[in-house]
Amino acid sequence: MKNSNVQKWAREVIKPAEIEKYLIDGQDFIDESRIIGQLAAAADPDTARVREIIAKSLQIERLEPEETAALLRVTDDELWHEMYAAGLEVKRRVYDNRIVFFAPLYCSNLCINNCAYCGFRYENKEEKRRILTMEEIRQEATAVINEGHKRMIAVYGEHPLSAADYIAETIKTIYDVKVPAASGYNSIRRVNINAAPMSIDDLKKIRHVGIGTYQVFQETYHRPTFAAVHPDNTVKGDYRWRLYALHRAMDAGIDDIAVGALFGLYDWRFEVMGLLYHAIDLERWFGIGPHTISFPRMTPASGSCLSRTSRWLVGDADFKKLVTVLRLSVPYSGLIITARESSAMRRDVIQVGCTQTDASTRIGVGGYTAGLQALAGLRKDAQQINKQQFTLGDTRSLDEVVRELAENGMITSFCTAGYRCGRTGDKIMGLLKGCIEGKFCKLNAVLTFREYLDDYASPETKAVGEKLLRTEIDEINALPFFKKGGLLEIFTKMYGQVAGGKRDVYI
Ligand code: SAM
Ligand code: SF4
């Protein structure tokens with residue numbers, strides 16, 4: 001594509017009217033001096049007050065900024081341990097012992113932006129640029145399905161060639177891939193995306209092809225830092241266009257939305273406050289908050305000095321604290337921990353309330369297919385293909401991670417039923433807050449875990465998984481909730497069907 005055409009496209013991306021409509025008296029919802037004041041005022045909080053705040057969170061109530069600021073300023077180790085335990089308890093009440101799995105699919109690394117922390121930025125000459133054709137998308141999706149995944153997040157750089165029409169086509173293509181199974185077929189049942197902010201019209205295009213969750217990370221809520229890492233002559237340099245990306249998604253009818261911040265660019269306590277204010281503003285406008293919150297830690301990226309040297313890089317102990325405070329502050333949102341983190345770190349933060357993760361992850365564009373070809377000795381440049389946007393901390397297979405979780409009493413869920421049964425947006429928020437969604441999900445987790453054990457698990461994983469399934473089914477049989485409305489009978493019948501080879505059965 002000619003450079004002048006790319007520049008022309010970039011100039012037309014931002015629609016000022018689709019920012020201004022969300023401002024109040026010309027102001028957005030991030031008031032830096034207020035956040036700094038709240039954090040300062042909360043220093044050394046009183047123990048009884050902290051315990052009151054924890055108790056509120058255990059009632060599955062979203063915290064107010066002053067309350068979150070108090071938790072962020074706790075210094076007493078004993079109180080932190082109470083908070084870790086409360087984080088896990090909140091997770092158990094809302095999501096039970098399930099962990100939802102997904103696989104990222106990098107579709108294109110073409111990018112017009114120049115984010116100082118990212119290997120895809122246009123100035124990075126080390127990066128080999130590539131945008132997948134629909135045939136290549138099909139091959140990648142097939143490789144991911146063959147690992148056992150049912151849920152995918154497609155990721156794109158910002159570029160006219162990977163804009164809304166391309167995104168919509170890739171989503172349709174992924175949904176269309178069907179891999180024959182014992183009876184029926186396996187497929188990706190939910191496609192989420194992580195892509196640049198778009199206009200409401202463009203967002204409607206991707207809603208029409210059945211997007212699951214739309215994820216946009218603000219990266220940093222701190223304006224001076226945002227300006228320093230995103231040159232202002234780039235589209236990404238517009239702080240407010242990004243800040244209201246998810247408001248526009250809601251207005252376009254996409255009601256499953258996901259926020260995030262890239263930890264390591266600025267003070268982690270400030271970013272937690274920023275994420276909370278984002279959730280509150282979404283609640284205020286649309287009555288519902290984010291479906292999930294992400295908190296990637298910046299990891300070394302090719303050609304990015306900042307990703308190694310930032311003075312705000314977050315250590316392991318602080319990372320665990322920030323995840324805990326997010327868990328307690330927004331109890332109804334899912335928390336995503338990715339393979340950027342080491343296996344030990346993932347284990348640790350799952351114990352304070354994370355609900356979703358990935359495995360068998362490849363983040364090179366075309367990485368899944370290249371990995372298979374390299375294994376078969378068919379290509380020698382797999383390493384180049386696998387040159388990644390950033391570095392992964394955990395490269396274990398899905399089978400290994402599923403087994404480890406099962407050994408610790410946690411069930412992997414491949415459930416995608418909520419969105420296909422209309423349990424999204426305000427409906428799912430109500431169910432989550434009332435701790436009811438977790439119960440439906442328990443049934444669907446068991447059904448999809450049965451599928452996974454039969455279709456993909458290694459003998460070792462199957463052995464551990466069968467034991468866990470028996471415990472889960474015993475619990476389902478014993479819980480009065482499932483006896484209401486014939487739910488138990490429906491589940492038992494469906495379980496028999498899945499065990500007999502039928503696929504994609506859900507409640
Ligand atoms: N281009 C789109 C955008 O910027 O919104 C989406 C794709 S971008 C590849 C997805 C996310 O990767 C970014 O939002 C950023 O938070 C994360 N990321 C970029 N560089 C990273 C790094 N060095 N370490 C960890 N995460 C990084
Ligand atoms: Fe491009 Fe997104 Fe990377 Fe920035 S973070 S350089 S916008 S891919």
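1. Asp-96 sits in the loop that joins helix 6 (77–95) to strand 1 (98–108). In this predicted model, its phi is positive, at about 60°, although Asp-96 is not a glycine. Most residues other than glycine have a negative phi. Asp-96 has a relative accessible area of 18% and is therefore buried, the cut-off being under 20%.

2. A second residue of this kind is Ser-360, in the loop between strand 10 (356–358) and helix 17 (367–375). Its phi is near 55°, again a positive value in a residue other than glycine. Ser-360 is buried, with a relative accessible area of 11%. A reader checking the backbone may also turn to Gly-210, which comes just after helix 9 and takes a positive phi of about 90°.

3. As for the chain as a whole, it has 25 helices and 11 strands. Its C-alpha atoms fill a box of roughly 65 × 60 × 40 Å along the principal axes. The radius of gyration is 22 Å, which agrees with the value near 23 Å that a compact globule of 507 residues would have. Of the 507 residues, 62% are buried. The chain exposes about 19400 Å², and carbon and sulfur atoms supply 51% of that area.

4. The contacts of the chain may be described by their separation in sequence. Among those between residues at least 6 apart, 76% join residues at least 24 apart.

5. Which residues of helix 9 (residues 200–208) are buried? They are Ile-200, Leu-203 and Ile-206. Seen down the helix axis, these buried residues fall within an arc of 115°, so they line one face of helix 9. Asp-201 and His-208 are exposed on the other side of the helix. The cover over the buried residues includes helix 2 (17–20), helix 8 (164–176) and helix 12 (245–251), together with strand 5 (190–194) and strand 6 (214–215).

6. Helix 8, which is part of that cover, contains Thr-170. Thr-170 is buried, with a relative accessible area of 0%. Apart from neighbours within four places in sequence, Thr-170 is in contact with Met-134, Ile-137 and Tyr-156. The C-alpha atoms of Thr-170 and Glu-135 are 9.9 Å apart in space, the two residues being 35 apart in sequence.

7. Leaving aside neighbours within four places in sequence, Pro-231 is in contact with Asn-114 and Gly-237. With a relative accessible area of 26%, Pro-231 is partly exposed.

8. Arg-242 belongs to helix 11. Is this arginine buried or exposed? At 8% relative accessibility, Arg-242 counts as buried. Not counting residues up to four places away in sequence, Arg-242 touches Pro-197, Val-216, Phe-217, Gln-218, Glu-219, Phe-226 and Lys-236. Gly-315 is 73 residues from Arg-242 along the chain, and their C-alpha atoms are separated by 27 Å.

9. Leu-262 lies in the loop between strand 7 (257–260) and helix 13 (268–286). At 9% relative accessibility, Leu-262 counts as buried. Beyond its neighbours within four places in sequence, Leu-262 is in contact with Tyr-117, Glu-219, Pro-296, Arg-297 and Met-298.

Definitions and conventions: Residues numbered from 1 in each chain as written. Chains lettered and ligands numbered in written order. Predicted model: local features only at pLDDT ≥ 70, side-chain atom pairs only at ≥ 80, totals over all residues. Heavy atoms only, no water. Helix = DSSP H or I, 4+ residues; strand = E, 2+ residues; numbered from the N terminus. Rg over C-alpha atoms; globule rule 2.2 N^0.38 Å. Buried < 20%, exposed > 50% of the residue type's maximum accessible area, 1.4 Å probe, protein only. Contact = heavy atoms within 4.5 Å. Areas by Shrake-Rupley, 256 points an atom, 1.4 Å probe, with all protein chains shown as cover. Arc of directions from axis to C-beta.
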